[in-house]
Amino acid sequence: MKRVKPVLEVRDLTVRFTQRDTAVDGVSFQLYPGEILGIAGESGSGKSTVARAVTRLIDAASGEIFLKGAPITHVTGKRQRAVYRDIQMVFQSPAGSFDPRKTLGDGIGESLGNTGMKRSEVRERVGELLRQCGLGEEFAGKYAREVSGGQCQRAAIARALAIRPDILVCDEAVNALDVTVQKQIIEVLKDLQQEYGMSYLFISHDLALMQSFCDRLLIMQKGKIVEEGTADEVILHPKKEYTKRLMEAAFLFG
Ligand SMILES: Nc1ncnc2c1ncn2[C@@H]1O[C@H](COP(=O)(O)OP(=O)(O)OP(=O)(O)O)[C@@H](O)[C@H]1O
Ligand SMILES: [Mg+2]
């Protein structure tokens, strides 16, 4: 049994977009320091909605979210911005998340500048982050519209890692990247986890990748967690018929 306190705890979370449909229905889980927790499940099962609720991009209809023991379920304004020092996220299509008037370097360095870091240090750190994510330093001077989707994705990962958050939420963040780049990013994430004890909430359809990368897995169906366990348990010995089908589909056609 783990005695350590979870860095993120979700209790009985429910999210509704309409009166009739419940996108996330009574979801509870804990993310521990240094843990890589995966969420898998069919399209529309509520994975992204969980990610958006824990990062406070959408409101919970009910339930509670705790960040390092403090409730953040309904934080707004200044306290909400403070949450982003501890929890950062990367989504599948990051193009729109960079300000089109600013260079990628400015976008990545923004949070560092806000901490009072000197400009020269920011520049150096941005270069280091870009290199870690497989981009040359010259990308600091480019705009989002001037780079490919995969390059923009890597810049978004670099930006999310800039202030070394305790938690990184990755919603299909590496899926669109080619295998070599994907491997490189996964290695960077693993290094950060080992070096700084970062925790990840890792959403993906790539179950083979999740088996090697994640410690634990949650399987979602129609807004609910229907199965959970260590990545090996869930992938090699799924209990539910739904999970078995998911694994078969992933490993046959994935
Ligand atoms: N902004 C929205 N407005 C209305 N309904 C939404 C919205 N976002 C998601 N939904 C609905 O909520 C449910 C869960 O969607 P969600 O995006 O969380 O699924 P997902 O598991 O991330 O799927 P995918 O694997 O395709 O990304 C779906 O039924 C979806 O149609
Ligand atoms: Mg999704």
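Colleague: How far does a backbone N or O atom of S45 lie from an oxygen atom of ligand 1?
Modeller: Bear in mind that this is a predicted model, where local features need pLDDT of at least 70 and side-chain atom pairs count only at pLDDT 80 or more, while totals for chains, interfaces and linings use all residues. Residues are numbered from 1 along each chain as its sequence is written, chains are lettered from A and ligands numbered from 1 in the order written, and side-chain values use heavy atoms, with hydrogens and water left out. For S45, that atom and the ligand oxygen form a polar contact (a pair of N or O atoms within 3.5 Å), and the distance is 3.2 Å.

Colleague: Are α3 and α5 roughly parallel or oblique to each other?
Modeller: Helix α3 covers residues 104-114 and helix α5 residues 149-161, with their axes 8 Å apart and an angle of about 20°. Helices here are DSSP runs (H or I) of at least four residues, and axes are lines fitted to C-alpha atoms over the stretch in contact, with angles from 0 to 180 degrees between N-to-C directions. Under 35 degrees counts as roughly parallel, over 145 as roughly antiparallel, 65 to 115 as roughly perpendicular and the rest as oblique. So α3 and α5 are roughly parallel.

Colleague: Which residues of α5 do L104, G107 and I108 in α3 meet?
Modeller: Contact means heavy atoms within 4.5 Å. On the α5 side, the partners are A155, A158 and R159.

Colleague: How are α3 and α4 set, roughly parallel or oblique to each other?
Modeller: Helix α4 spans residues 119-132, and its axis lies 9 Å from that of α3. Among the residues in this contact are I108 and L112 of α3, plus V122 and L129 of α4. The angle is about 125°, and therefore the pair is oblique.

Colleague: How many nonpolar residues are in the contact of α5 with α6?
Modeller: α5 and helix α6 (residues 179-196) pack at about 5°, with axes 12 Å apart, and that makes them roughly parallel. R154, I157 and L161 in α5 meet V181, I185, V188, L189 and L192 in α6. Ala, Val, Leu, Ile, Met, Phe, Trp, Tyr, Cys and Pro count as nonpolar, Asp, Glu, Lys and Arg as charged, and the others, Gly among them, as polar. By class, there is one charged residue and no polar one, and the nonpolar residues number seven.

How values were computed:
Helix = DSSP H or I, 4+ residues; strand = E, 2+ residues; numbered from the N terminus. Polar contact = N/O pair within 3.5 Å; in protein donor to acceptor, adjacent residues only side chain to side chain.
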